[in-house]
Amino acid sequence: MKPAHLCILPFFMIFILASCSGGGGGGGGQREEDGTSTGTTGGTTTGDTGSTTGGTTGGSTGGNGVDITYDSELTPQEKQALDSSTKAMATYSIDGSRIKYFSQVFGGTKSSSVVNYVETRVNYALSGETNYHDRLIRAPASILRNLQVFAFNPSTSIWYDSKVAEPGGLKIRINGKAVDINSSRIGVMQFGDLYVDSPASLQAATIVHEARHSDCTGGALASDIDRHEQGIPEENKKCGHLHGFCPPGHIYEGQLACDLLPWGAYIMDAMYSVAIVETCNTCSETDKQAAEANALDALERPAYSVEDLFNGVLGPPDMSSSSQVR
Amino acid sequence: MNRRHILGIFTLLLLGGLFLNLYEREAMTIEEQTEPPPTIVTTADEKMDINKTLEKKKMPTRSVSSITSSEIRKLRNSFPDKGDVRTEVERNPHRTPESLVIFATNMGPLMEKAYKNDKDADVLIKALHDCATDDNVARSARALCVKNVDKIAKTHPQMKGRAEELRSDVSPEVLKLLEKRNSMMR
């Protein structure tokens with residue numbers, strides 16, 4: 001800032017006056033930094049066809065960015081939520097290379113890899129109001145539970161149902177068409193009213209979480225198919241990466257809210273959420289906050305050492321799925 | 001008195017007026033530089049009025065927080081109680097606890113403001129400190145608060161000391177959860 005006496009010069013005062021007043025006005029202003037980037041959105045959009053399958057009930061194929069077949073019973077709100085969350089998933093500009101094991105889990109470090117991971121495991125989107133048992137051809141109908149539905153992947157259970165019904169097995173009716181059930185990767189997922197009301201990043205992380213439940217790592221146990229038939233919980237939690245009861249001393253002790261084995265759905269969920277928080281430059285701050293909260297909650301759920309997992313002590317992730325029964 | 005005299009007097013008056021005007025402007029600028037900021041109010045709703053007044057006077061707004069007390073109150077009221085979170089998990093074990101999601105959603109716009117303005121950062125850090133050190137708040141929410149103070153301190157390096165102070169004040173179980181999170185980073 002110029003000192004005042006420099007401005008009190010008799011002959012050039014009009015020019016100096018102009019420059020002094022400009023300087024005085026600008027000196028106290030604060031430049032606000034725009035913390036957001038307007039860079040390009042990463043990832044690829046796949047399967048955005050929006051075409052109908054021609055089924056008798058008029059469902060549609062293709063989410064808005066992820067190739068998922070929509071069942072005709074999905075509500076408009078559920079469809080809209082799925083459209084926006086899958087679009088977000090496909091367009092989030094993330095870099096998973098900063099997260100250990102990210103590329104082993106998702107097959108790459110970008111959003112397009114996460115989309116591929118999901119498309120391998122989630123094929124059909126059903127409404128939370130649909131009782132999927134009613135869709136199982138030759139399966140007895142059960143009473144629809146009157147619960148609020150967030151998101152649910154019954155694919156392993158459907159596959160077990162099909163195994164119980166052998167020989168002949170089962171098919172599942174989607175948009176009026178009978179679809180073969182050959183493995184847990186049939187990928188049927190239900191989305192309900194609670195899902196609809198969640199932030200987009202949380203919805204996207206939920207699909208990533210649920211997708212893991214389509215993996216039957218190492219195949220199924222014949223004894224578990226018998227247990228399933230009798231309505232007893234399966235022993236082999238690796239098939240479907242089923243959640244278990246939280247152990248004594250855990251904050252959710254006694255709740256069916258924990259992962260007992262490494263590389264389960266909660267870790268997939270946490271890894272993807274942290275990738276959003278740390279690397280996404282196209283996400284809003286609210287999306288990042290929701291993703292951070294989700295990651296921290298998900299990290300409460302493993303009943304094993306997360307540090308050992310990421311330090312390699314518990315071995316690398318096995319992202320395979322088998323339809324063998326042993 | 002002829003026309004030349006009149007013109008001379010007129011010119012002197014004009015020059016005198018300009019000198020006076022210039023002197024006052026410079027004096028005001030120096031005052032702005034040396035005086036403390038016009039207000040250090042942090043959370044009151046009156047800040048809105050102060051902002052408006054400053055806007056009218058075209059004075060700098062650098063020292064005023066745009067986060068209102070009602071926004072802070074809303075955030076504080078949404079601190080997820082650990083008992084409530086447990087109840088939510090009992091009701092729906094598979095879902096991210098609703099109160100945690102609401103809390104995070106309330107936080108987003110305030111964090112945006114805090115990144116841009118150091119007074120907003122100051123206001124928010126106070127609330128985040130209370131959140132992080134309250135044993136009745138769910139652990140995941142307390143960890144989120146610690147993490148957010150770290151993020152703010154990255155944007156406003158002068159607040160780094162407060163982030164360090166907070167880490168020494170929070171319980172080890174919160175830091176343990178953050179260590180779990182950090183263990184996945186390369």
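The largest nonpolar core of this predicted model has 114 residues. A:M271 and B:L124 have the most contacts inside that core. Helix α11 of chain A, residues 265-279, gives the most to it, with 11 residues. Nonpolar side chains tend to be buried together in soluble globular proteins.

- B:L124 is in contact with B:I67, B:L110, B:A114 and B:I152, leaving aside neighbours within four places in sequence.
- One of these partners, B:I152, is also among the buried residues of α7(B).

**Chain B overall**
- Chain B has nine helices and zero strands.
- Its pattern along the sequence reads α-α-α-α-α-α-α-α-α.
- Chain B has 186 residues, and 34% of them count as buried.
- Take the contacts in chain B between residues at least 6 apart in sequence: 63% of them join residues at least 24 apart.

**Helix α7 of chain B**
- α7(B) covers residues 139-155, 17 residues in total.
- From first C-alpha to last, α7(B) reaches 25 Å, close to the 24 Å expected at 1.5 Å a residue.
- The helix is mostly covered, with 12 of its 17 residues buried.
- Its buried residues include the run B:R139, B:S140, B:A141, B:R142, B:A143, B:L144, B:C145, B:V146, B:K147, B:N148 and B:V149.
- Within chain B, the buried residues of α7(B) pack against α5 (98-116), α6 (118-132), α8 (160-169) and α9 (172-183).
- From chain A, α12 (285-298) packs against the buried residues of α7(B) as well.

**The loop at B:P93**
- B:P93 sits in the loop between α4 (82-91) and α5 of chain B.
- B:P93 counts as partly exposed because it has 16 C-beta neighbours inside 10 Å.
- Not counting residues up to four places away in sequence, B:P93 touches A:Q255, A:L256 and A:A257.
- B:P93 and B:T68 are 25 residues apart along the chain, and their C-alpha atoms are separated by 35 Å.

**Confidence in chain A**
- Chain A averages a pLDDT of 81, and 76% of the residues score at least 70.
- Over residues 1-58 of chain A, pLDDT stays under 50. The model has 94 contacts beyond four places in sequence for this stretch.
- Residues 139-146 of chain A also stay under 50 in pLDDT. For them, the model has nine contacts beyond four places in sequence.

Conventions:
Residues numbered from 1 in each chain as written. Chains lettered and ligands numbered in written order. Predicted model: local features only at pLDDT ≥ 70, side-chain atom pairs only at ≥ 80, totals over all residues. Helix = DSSP H or I, 4+ residues; strand = E, 2+ residues; numbered from the N terminus. Expected span 1.5 Å × (residues − 1). Buried ≥ 20, exposed ≤ 12 C-beta atoms within 10 Å, placed from the backbone. Contact = placed C-beta atoms within 7 Å. pLDDT = per-residue confidence, 0-100. Core = buried A, V, L, I, M, F, W, Y, C linked by C-beta atoms within 7 Å.
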